[in-house]
Amino acid sequence: MIGVNPEGDARAIFNATDIDKLTIPLWVFDADNSRVVWANQEACRLWQADSMEELCLRDLSADISSAVKERLQQYKNNTPDTDRTFHELWTLYPEGVARTYRIAICGHELPDGRMGLRIEALAESKEAPVQLRSAEALNHIKIGISLFDLAGEPLYSNVAAHKMYGSALPSLKQRFVKDSDYHFILSSIQESESASKICQVQTSEGKRWHELSIMRCFDGPTGKPAFMLSETDVTKLKEKEAKARYLAHFDLLTGLHNRNYVNSHYPAIIEDAIENEERQVIMVIDLDHFKSINETLGHSTGDALLRHVAKSLQRFFGKDAHIARLGGDEFVIVAPFTSSFLLDEQCQAILTAITTECHADGHLVNANASIGIALCPEHGTDLPTLLQHCDLALHDAKNCGRDTYRYYRPSLQKAAIAKRNLENDLLAAIERKEFRLFYQPRVDCQSQQVVSAEALIRWQHPQRGLISPGEFIEALEDTGLIHQVGDWLIEQVGLDQQFLQRNGHCFPISINISPKQFERSDFVRRLKMGLARSHCPAKYIEIEITESMLMGVGFDAKSVLIDLRREGFSIAVDDFGTGYSNLAYIQEYPISSLKVDRSFINMIEDQSSVVNLILSLCRLIGVTAVAEGVENVDQLAWLQMNHCDQYQGFFFSRPIPLDDMLTLLNSSHSSSMQHSIPDILDAEVIWA
């Protein structure tokens, strides 16, 4: 600490003549340690100290406000580069008593070489309280306040402004990062008394965003025209705005533009192209079987694959196209169109690029994709229409086997409208109870007695008449209405079985089950509830599933079948032989019957070895063998000779309503009836 020898220190700083002439409070201050290192008698009186030695030993940090402390540090840092004296109005707190002075500050080198401050309290201020408080507040506020002359040179800066720009205060022009912002401010203030703008400025911390307000004023000490600038740091707000804009327009996973950006910016791209008579191609790309990748390898692997596809598309197109991720595994691209030949080559190259191997989470993943294409203006002149047509073309590509591309064509729109109308009609059909059940007998090959029947659904349309299931089952599955119809069907079959039983014919009835029904966790419970409403025991109901449903993906088919058998249902595998199952594998399932597909029966002479193998398997594992699609006596004779258990087909009876079924069963000659083969085969319901 400096100041332990007042007389020596005083003479080290000032000469004897200077000391004798000092009649106002004057002291030298060590701002680093908040201590006085020398003071005259007037200064000692100001600080209420008995001697300079006492004052030099005093820690003044408690007697100086935080604003004054910051100001002193700024002056200390500023004085080595300038020889200026600063004048301000201060409130000091010697011994806790507030006193206000007009202060003059300049730099003064201390004996140890550090920079101190020489401070004069020129006179106690008699300013009004409002003015004094305003001066104190000016140094406390967080808003930077600066005063400039008309040339833009700084005249004054408060504590906050010094914090923003450091000790070397820049001119007005030097503060702006962009000259255009500076010239905007100048031109604006020439037209009016004030101007404001949010722009980037160069501060001691680097480039920051400030909200600036500038106005014309006068410099108090000189009375000359000046500029008063107030500025607030809004960098955090601008960063939040920038992040919000990014989140609004960009996909965080891939870095591509997102759906919001597509909806807000792509319409203008299309309008500009039409105005300039430029043709554009719009492509919607969807990954094939992406859901199974998420389910089997995890979402992190799926995310890595999406990033891989995004980068592949960016590398392929460069800056020649607008690429966005619509959501999920779907991407959209808008690019210039030159010719169909080049576009075909481009689509093939895109599909090849997407199939490039991707390493993610230790997995080697390959992706395929399907592409739907629409051309502008041929297929539409606005974004919603073009995207809708791309979706139709994409759906067509999926139906054509995937890993391919398809162009939009008007027939796709017509088909989509027809499908939507069909779905609406089906919803109405459920409400109006327009569905009907037909029954086709299942007959013992040797005795020709009816031993079972298959329930087959029909739709009694009010305008189109009777509609076969091949025209509406897929629509029921797509809409989810299959579950409502399935609930109705099981209850109705139970009622019909009880009706036949009351009329002397007690045998099981089989019903076809859709894969959509079979996959539901509540499938068995819904079956039981439906039968309970009809009071039909489960032992009189046989559940028919297709061969492909045995290999169900995403659920345990075997456990579902075990639950069905536990509840009393019997189980048949329909269309057997078309799914290329391992025949030995069949015995692992609790199956009651195997129904040989009609395609083998229609070509029984050429397929006799295959049919014989299936019949032998049935005998080996103890299940009933049923031949489907028997149409003539030669087919029946072959089945009898090769010990097939049962058959079903037009040779005995086509599907018929319940009342006709009862009549057939009651006929005393039903076992010997001759039946002609119809010209047109009626399709059974295949819920797949």
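**Entry 1: R442 and E542.** I looked up this pair and found their side chains meeting in a salt bridge, 2.7 Å from N to O. For my own use: a salt bridge here is a side-chain nitrogen of Lys or Arg within 4 Å of a carboxyl oxygen of Asp or Glu. The pair links distant parts of the chain, with R442 in strand β18 (residues 435–444) and E542 in strand β22 (residues 541–546), 100 residues apart. Strands are DSSP runs of E with at least two residues, helices are runs of H or I with at least four, and both are numbered from the N terminus. Buried or exposed, I wondered about R442? R442 is buried, with a relative accessible area of 4%, and E542 is buried at 4%. The cut-offs are under 20% relative accessible area for buried, over 50% for exposed and partly exposed in between, using a 1.4 Å probe and protein chains only.

**Entry 2: what I'm looking at.** This is a predicted model, where local features need pLDDT of at least 70, side-chain atom pairs count only at pLDDT 80 or more, and totals for chains, interfaces and linings use all residues. Residues are numbered from 1 along each chain as its sequence is written, and side-chain values use heavy atoms, with hydrogens and water left out.

Entry 3: I noted 28 salt bridges in the structure. One of them joins the side chains of D32 and R114 at 3.1 Å, N to O. D32 sits in the loop between β1 (26–30) and β2 (35–39) and R114 in the loop between β4 (99–109) and β5 (115–124), so the pair ties together parts 82 residues apart in sequence. D32 is partly exposed at 40%, and R114 is partly exposed at 27%.

**Entry 4: a network.** Which residues are linked in a network of salt bridges? I got D487, R520, D522, R525 and R526. Within that, the side chains of R526 and D522 meet at 3.5 Å, N to O. R526 is partly exposed at 21%, whereas D522 is buried at 13%.

**Entry 5: two helices.** I checked how α20 (residues 523–534) packs with α21 (residues 557–567): the angle is about 25° and the axes are 10 Å apart. Axes are lines fitted to C-alpha atoms, for helices over the stretch in contact, and angles run from 0 to 180 degrees between N-to-C directions. That makes α20 roughly parallel to α21; angles under 35 degrees count as roughly parallel, over 145 as roughly antiparallel, 65 to 115 as roughly perpendicular and the rest as oblique.
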